[in-house]
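Here are a few exercises to work through with the model open beside you. Try each task on your own before you read the solution.

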Amino acid sequence: QGPATVTPTGAPTGAPPEAMAQQGEYLTTAQGARLRTTDHALKAGRRGPVLLQDHHLREKITHFDHERIPERVVHARGTGAHGVFVANGRAAKICRAAFLKKGVETPTFVRFSTVQGFRGSSDTVRDTRGFATKFYTSEGNYDLVGNNIPVFFIQEGIKFPDIVHAVKPEPDREIPQAQSAHDTFWDFVSLHTEAQAHVAWSMSDRAVPLSYRMMEGFGVHTFRLINDAGETSLVKFHWEPRQGVHSQVWEETQLTAGNDPDFHRRDLYDAIDAGAYPVWDLGVQVMPDTEDETFEGIDLLDPTKFVPEELCPVEIIGTMTLNRRPINFFAEVEQVMFNPGNLVPGIDVTNDPLLQVRLFSYIDTQITRLGGPNFNQLPINRAHCPVNDMFRDGFHQHAVHGGVTPYRPNSLDGGNPAEASEDSGAFIDVPQPVASGAKVRELSASFDDHFSQATLFVRSLSEVEREHLTRAYTFELGKCYEEAIRLRQLQCLANIDADLCAEVARGLGLPAPEPTVPPADVEPSPALSQVGGTWPV
Ligand code: HEM
């Protein structure tokens, strides 16, 4: 199919009438006065200066002067598409969310992104990819704001500004553009060794996907689900692409980034235009909600840890098809606002110390990015169910709210909204006990293992993937000027895998250090290999 159907007013089919920004037969000012021309300013004579009284000129130029909004502080470079999610009903036994009931179809909007680069940067750089999905469910919007790598760099959200400062270009020269070709990147990840598992994924082929259509997505954190009977379970979300998981080799990324910096964006939109709609299965790893919130020795609150599929298989609960590209990139892809706190009844957060901080960060940044608190009224962000939030006013308020000032209870205005019960679909804050004890700034000891999952990942790769990994570490670390930092990262590699360390050290012309922690005794996870795994090709 070609571009999505458009109404005569320019609004996408099915879009609310408010989306019809420009309509009518004649060119007008923003106030609706018809214009004779928009090509010539009002001047004092044919060869005279431009007059300040030219209202249309000033209105046009002033609007243009303010066309740009701040790009996202991270994930600035992205691409989005509309789709539909159809549940197969298998989640109903663990989750009461309406959109997971068998056969329910839910509209979605997905934004794929890189993390580090600016809005105009190249698509095919070595980086983590964002995979953020908004489900417009009958019970409100649910956002699954994930990445294509199942582990994160840091365990605590309070470090997020620090890791982002370390991966972004240096403040004085604003180079380099590539996150891992960086003294500050390697300095951070070798000092905050919890980052080492994510770094291993970043140096692997996973960080150079062939196409957005061929990436997995992961919710990363553990979430708590609750079913109709009030029973809870702990889950990790997975998106599995029916197109298989495929990557570019490094040389290809250099060609595609140079020849076509929009490579991934073009690929996604060309596929949709050709009717080759990309499809992902949504799956969950379901784990018992135990008091210690661990599974097979893995602390489920630690976002630097994933659960191998061999220990807990992924159960498919529905399928998403992306079948419509945006009509207006700014209105949809730039103005979409995701938030891990946008949840629906049946899905709740856990005490993962990274997730807890994310719950604060997204609204806060979006108030700056969209210039006020009313971004939920934008067509792309609006819920597809009744909204009665009692909010009023604020920058860019679009609604004309009637009635008495909203508060509850309100004896003056019969129209004030009713409170829902759980039976009438109220959101469920799962009454999870909160740990008692003193306030602390520490984590439990189970967060101390920083290397075993990097080892597990490295040992699970096929020979060719392993070779790519070694070359990537050697190449990227070779860009690091400070020898002390290179040596410190080699020490981390020694703790992950002695052979990998020796090969990278040889490539760098440096000595390979001895491990400082005993090597992890881990079984490889074949599902982690794109070549040797279970993925269709
Ligand atoms: C975007 C903060 C961790 C995935 C963002 C944005 C901020 C942010 C400020 C920009 C949002 C906007 O302007 O609309 C944080 C903080 C984190 C954190 C403080 C840790 C405490 C994570 C993790 C993931 C993730 C662990 C993956 C599981 C994303 C994605 C986007 C994003 C996919 C782009 C959303 C879009 O396409 O609009 N994050 N983030 N972030 N973050 Fe995070």
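Two residues count as being in contact if their C-beta atoms, placed from the backbone, lie within 7 Å. Keep in mind throughout that this is a predicted model.

**Exercise 1. Find the contacts of H75 and say whether H75 is buried or exposed.**

Step 1. Go to the loop between α1 (55-65) and β1 (78-87), where H75 is found.

Step 2. Skip residues up to four places away in sequence; H75 then touches S113, V115 and G130.

Step 3. Now for burial: the cut-off is 20 or more other C-beta atoms within 10 Å. H75 has 23 such atoms around it, so H75 is buried.

Step 4. Check the backbone too. H75 is not a glycine, yet its phi is positive, at about 60°.

**Exercise 2. Work out which residues the "active site" annotation covers, and where they sit.**

Step 1. Look at the record: the UniProt annotation, from an unreviewed entry, covers H75 and N147. They span 73 residues in sequence, but no two of their C-alpha atoms are more than 10.5 Å apart, so they gather at one spot.

Step 2. Count around N147. There are 23 other C-beta atoms within 10 Å, so N147 is buried.

Step 3. List the contacts, leaving aside neighbours within four places in sequence: N147 is in contact with T128, R129, G130, F131, F218 and V220. G130 turns up in this list, and H75 touches G130 as well.

**Exercise 3. Describe V220, one of the contacts of N147.**

Step 1. V220 lies in the loop between β5 (217-218) and β6 (223-226).

Step 2. With 24 other C-beta atoms within 10 Å, V220 is buried.

Step 3. Its phi is near 65°, a positive value in a residue other than glycine.

**Exercise 4. Which residues come nearest to the ligand, and which elements give two or more residues to the shell around it?**

Step 1. There are 28 residues around the ligand, and H75, R111, G130, G157 and V220 come nearest.

Step 2. The elements that give two or more residues to this shell are β2 (105-114), β3 (129-137), β4 (140-147) and α8 (355-369). The most comes from α8, with seven residues.

Step 3. Sort the shell by residue type: 14 are nonpolar, 10 are polar and four are charged.

**Exercise 5. Trace how β2 pairs with β1 and β3.**

Step 1. Start with β1 and β2, which pair in the antiparallel sense over nine bridges. Here G83 has T108 of β2 as its bridge partner.

Step 2. Turn to the pairing of β2 with β3, also antiparallel, over seven bridges. T108 stands opposite F135 in β3.

Step 3. Ask how covered β2 is: eight of its 10 residues are buried, which makes the strand mostly covered.

**Exercise 6. Locate two cis peptide bonds that end in a proline.**

Step 1. The bond from I175 to P176 is cis, with omega near -5°. P176 lies in the loop between α2 (160-167) and α3 (183-191).

Step 2. Another cis peptide bond joins R408 and P409, with omega at about -15°. P409 is found in the loop between α8 and α9 (452-460).

Terms used: Residues numbered from 1 in each chain as written. Predicted model: local features only at pLDDT ≥ 70, side-chain atom pairs only at ≥ 80, totals over all residues. Near = placed C-beta within 6 Å. Helix = DSSP H or I, 4+ residues; strand = E, 2+ residues; numbered from the N terminus. Nonpolar A, V, L, I, M, F, W, Y, C, P; charged D, E, K, R; others polar. Buried ≥ 20, exposed ≤ 12 C-beta atoms within 10 Å, placed from the backbone. Pairing = 2+ DSSP bridges. UniProt positions renumbered as here; feature names shortened; annotations may be inferred.
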